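Hi,

Here is the structure I promised to pass on to you. Have a look at it first, then read my notes below.

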Amino acid sequence: MGHRLSENEVEQVLEKGTYMTVGFISEEGLPQTAALTYVWDNLKKAAFIHGSKQSSLMKLVQQQSVLSGTVVVDTAVDAPEFTLRYRSVNMIGALTTEPPENLEHDMEILCAKYLGPDFPRDHFARTMGNL
């Protein structure tokens, strides 16, 4: 097991990560994971995962009482040591949903993360409409 990250390092990993692997229990009662887009909200100290409300995956995720999530960054193979080097953050927590009108800030930082700071406003409006 690796070393424990400081709070600052945890936030760096969460800000740098491209996706979060979310773990949950399937309808059949089996463990399941899915890679989801997300953004770390420094103001709320929370991860905001994104998916269409029509998605069967997101409907299943919303039914969970507890989720786990992992973000991995800075991966590199250390061939002489025959190991994989990386930094990661593992989280466990309850999923909370908020009404779309409370999510504008999170959607803005999500769009900026994946589309760049000058993301098209029409895309933002379309994404907000899918919540």
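Of the protein's 131 residues, 29% count as buried, where buried means under 20% relative accessible area, exposed over 50%, and partly exposed in between (1.4 Å probe, protein chains only). A quick word on the ground rules: this is a predicted model, in which local features need pLDDT of at least 70 and side-chain atom pairs count only at pLDDT 80 or more, while totals for chains, interfaces and linings use all residues. Residues are numbered from 1 along each chain as its sequence is written, and side-chain values use heavy atoms, with hydrogens and water left out.

**The overall layout**

The C-alpha trace spans about 50 × 40 × 25 Å along its principal axes. You'll find 4 helices and 5 strands in the protein; these are DSSP runs numbered from the N terminus (helices are H or I with at least four residues, strands are E with at least two). Reading along the sequence gives the pattern α-β-β-β-α-β-β-α-α. Of the contacts with a separation of 6 or more, 55% come from residues 24 or more positions apart, a contact being heavy atoms within 4.5 Å.

**The sheet**

In what order do the strands of the open sheet sit? The order is 3-2-1-4-5, with antiparallel pairing (two strands pair if DSSP finds at least two bridges between them). Strand 3 (46-50) and strand 5 (83-93) are at the edges with a single partner strand each, so one side of each has no neighbour in the sheet. From one strand to the next, the twist averages 40 degrees. For angles, axes are lines fitted to C-alpha atoms (for helices, over the stretch in contact), and the values run from 0 to 180 degrees between N-to-C directions.

Now zoom in on strand 1 (residues 20-25). Strand 1 pairs with strand 2 (residues 31-41) over 6 antiparallel bridges: Met20 has Leu36 as its bridge partner, and Phe24 has Gln32. These two strands make a hairpin with 5 residues between them, and Gly29 in the turn has a positive phi of about 85 degrees. Strand 1 also pairs with strand 4 (residues 67-78), again in the antiparallel sense, over 3 bridges, and there Thr21 has Thr70 as its bridge partner.

**Helices across the sheet**

Helix 1 (residues 7-16) lies across strands 2, 4 and 5, running at about 95 degrees to strand 5. Helix 3 (residues 104-115) lies across strands 2 and 3, at about 100 degrees to strand 2.

**The largest pocket**

How much space lies in the largest pocket? About 790 Å³. Of its 34 lining residues, the closest to the centre are Ala47, Phe48, Ile49, Leu95 and Thr96. Strand 3 gives the most to the lining, with 5 residues. (A pocket is an open set of points on a 1 Å grid over the protein atoms alone, where a 1.4 Å probe fits, with protein on both sides within 12 Å along at least five of seven lines; lining residues have an atom within 4 Å of a point. The volume is the space filled by probe spheres set on the points, which are joined across faces, edges and corners.)

Asp78 counts as buried because its relative accessibility is 18%. Leaving aside neighbours within four places in sequence, Asp78 is in contact with Thr83 and Arg85.

Cheers
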